[in-house]
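Q: I have a model on the screen and want to learn how to read it. Can we go through it feature by feature?

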Number of protein chains: 2
Amino acid sequence: MSQEKSTEEQIIAAAKKIFLQKGLAGARMQDIADEAGINKALLHYYYRSKDKLFDIVFDEAFDKVISRLSTIISTNMSLPDRIRSIVRGYIEGLAENPHLPLFILNELQQDPELLIRKFKAKPNFPNLQLFLMEIARAGEQGTIRKISPIQLMINILSLCVFPFAARPLLKGVVGMDDVQFRLLTEERKELVADFILKAIEP
Amino acid sequence: MSQEKSTEEQIIAAAKKIFLQKGLAGARMQDIADEAGINKALLHYYYRSKDKLFDIVFDEAFDKVISRLSTIISTNMSLPDRIRSIVRGYIEGLAENPHLPLFILNELQQDPELLIRKFKAKPNFPNLQLFLMEIARAGEQGTIRKISPIQLMINILSLCVFPFAARPLLKGVVGMDDVQFRLLTEERKELVADFILKAIEP
DNA sequence: CTTTGCATTAACCAAATGGTTAAACTTTAT
DNA sequence: ATAAAGTTTAACCATTTGGTTAATGCAAAG
């Protein structure tokens, strides 16, 4: 292990790894210290408590998930191109952090407060509203089939996110190894976009 | 609380509720005992250890998930009708146990062994193979668009399962309450089937 | 009624776990 | 060089937690 990063950064990196893998309840402070290669007391020296450390990791993870979505969503493209961009970008982003979906969904279920706190800081996702309205408009104009905007959004999200959450299942049931999963994911960047666009074609 | 069930059944019911809600790492034996309204020692008297109790709960949960899928999958219908049945039945089943998806996915990631053990008992999901082959055949015959059978299966599963896993997110981000969620779910029984069938139309 | 065997409980135990502390070590400033 | 400030560690502490036990309750069999 190279020792280039500062202790604080080492701790955050280790905490990310352990928390994302085991969740808040399953993670042990000792695990994080071991992963970082430091004494357990340093975790408290720099970050006070397990909860404080977790909050930082969760916030960062959550930001990573929505910031990417946010930027893609607010580009100036036709709806089909936009959807293609969203799918491609989202799958790409998750491929770099495959543990993110299950981690966030799970911790959110354990403690919905995490979200509330989050949305008091950042305004309530303004670009999402615009996106939903555009879907509604496209439906009216006949550019795409009429479909409840929220339902379509859920469909897009489902198709992008679920495979990462279900990775262990795919591994176990159809014996999919890491390489196959990588290929499957790669193929999905276009396949899912095609699938959605065909489904909402007028 | 009515006291009709035997102690063993009470324990299993309580364990299900707590484990499904908090997961293996987050659940406390005391929580389960309290939920069942009995002394903690009884848990060990009847089921030996936390792990043993968890195994029973997990196995039952997993069976519920795949048995329903299994029976629907092996009916004699046209592929479109079959897909419609799968979607409808699956969403309906999950609506009765909304915690199931996140629970299973999460515990599976914590310990992939759970699956291995499971597939040593039951033969490796024979009807699934048939279903995949039928998708391939329908693709060749032009009944549906050509699509990788596994990808299509993942798409179907994604659209059915993900909303249940993302429930806290929907609650937090678009302020969806229980009633709205119920309606959304109900609508999805047909909407998702339409969506998929339109997407794979030749 | 009493004995026998199962069910149930309160009290207890040992290990794990989040957190603290005092001392040692390192770096920086004077 | 030395003092001061910040960093790191081993040892320790209090609480939580899974698990055990010995005693009590209780129903059915004798």
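Q: Which residues form one aromatic cluster in chain A?
A: This is a predicted model, so every value here is computed. The cluster is made of A:Phe19, A:Phe54, A:Phe58, A:Phe62 and A:Phe103.

Q: How many aromatic pairs does the structure hold over all chains?
A: There are 15 of them over all chains.

Q: What describes a pair of aromatic rings?
A: Two values do: the distance of the centres and the angle of the planes. Now take A:Phe58 and A:Phe103. Their centres are 6.0 Å apart, with 55° between the planes. That pair is tilted.

Q: Which parts of chain A does that pair tie together?
A: A:Phe58 belongs to helix H4, residues 50–73. A:Phe103 belongs to helix H6, residues 100–110.

Q: Are A:Phe58 and A:Phe103 buried or exposed?
A: Read the relative accessible area; buried means under 20%. A:Phe58 has 0%, so it counts as buried. A:Phe103 has 4% and is buried as well.

Q: What is the geometry of the pair B:Phe164 and B:Phe181?
A: That pair is edge-to-face. The distance is 5.8 Å centre to centre, and the planes stand at 85°. B:Phe164 sits in helix H9 (residues 149–165) of chain B, and B:Phe181 in helix H11 (residues 178–200) of chain B. They are 17 residues apart, and the pair links distant parts of the chain. Both B:Phe164 and B:Phe181 are buried.

Q: Why do the copies meet through the same surface?
A: Compare the interface residues of the two chains. Of those in chain B, 100% are also interface residues in chain A, so the same surface is used by both copies.

Q: Which residues is B:Leu102 in contact with, leaving aside its neighbours within four places in sequence?
A: From chain A, the contacts of B:Leu102 are A:Leu102, A:Leu105, A:Asn106 and A:Gln109. From chain B, there is B:Ala165. B:Leu102 is placed in helix H6 (residues 100–110) of chain B. Its relative accessibility is 2%, so it counts as buried.

Q: On to the DNA. Which residues are closest to DNA strand C?
A: A:Arg28, A:Lys40, A:Lys50, B:Asn39 and B:Tyr45 are the closest among the 15 residues that surround DNA strand C. Of the atoms of DNA strand C that come within 4 Å of the protein, 62% are sugar and phosphate.

Q: Which elements give two or more residues to the surface near DNA strand C?
A: They are helix H3 (40–47) of chain A and helix H3 (40–47) of chain B. H3(B) gives the most, with four residues. By class, that surface has eight nonpolar, four polar and three charged residues.

Q: Which residues come nearest to DNA strand D?
A: Of the 15 residues around DNA strand D, the nearest are A:Asn39, A:Tyr46, B:Arg28, B:Lys40 and B:Lys50.

Q: What lies close to phosphate oxygens of DNA strand D?
A: A side-chain N or O atom of A:Thr7 is 3.0 Å from one. For the side chain of B:Arg28, the distance is 2.8 Å. B:Lys50 uses a backbone N or O atom, at 2.6 Å.

Q: Which helix gives the most to the surface near DNA strand D?
A: H3(A) does, with four residues.

Note on methods
Residues are numbered from 1 along each chain as its sequence is written. Chains are lettered from A and ligands numbered from 1 in the order in which they are written. This is a predicted model: local features need pLDDT of at least 70, side-chain atom pairs count only at pLDDT 80 or more; totals for chains, interfaces and linings use all residues. Side-chain values use heavy atoms; hydrogens and water are left out. Contact means heavy atoms within 4.5 Å. A residue is near a molecule or strand if one of its heavy atoms lies within 4 Å of it. Ala, Val, Leu, Ile, Met, Phe, Trp, Tyr, Cys and Pro count as nonpolar, Asp, Glu, Lys and Arg as charged, and the others, Gly among them, as polar. Rings of Phe, Tyr and Trp (its six-membered ring) pair if their centres lie within 6.5 Å; planes under 30 degrees apart count as stacked, over 60 as edge-to-face and the rest as tilted. Buried means under 20% relative accessible area, exposed over 50%, partly exposed in between (1.4 Å probe, protein chains only). A polar contact is a pair of N or O atoms within 3.5 Å; within protein, one must be able to donate a hydrogen and the other to accept it, and residues adjacent in sequence count only if both atoms are side-chain atoms.
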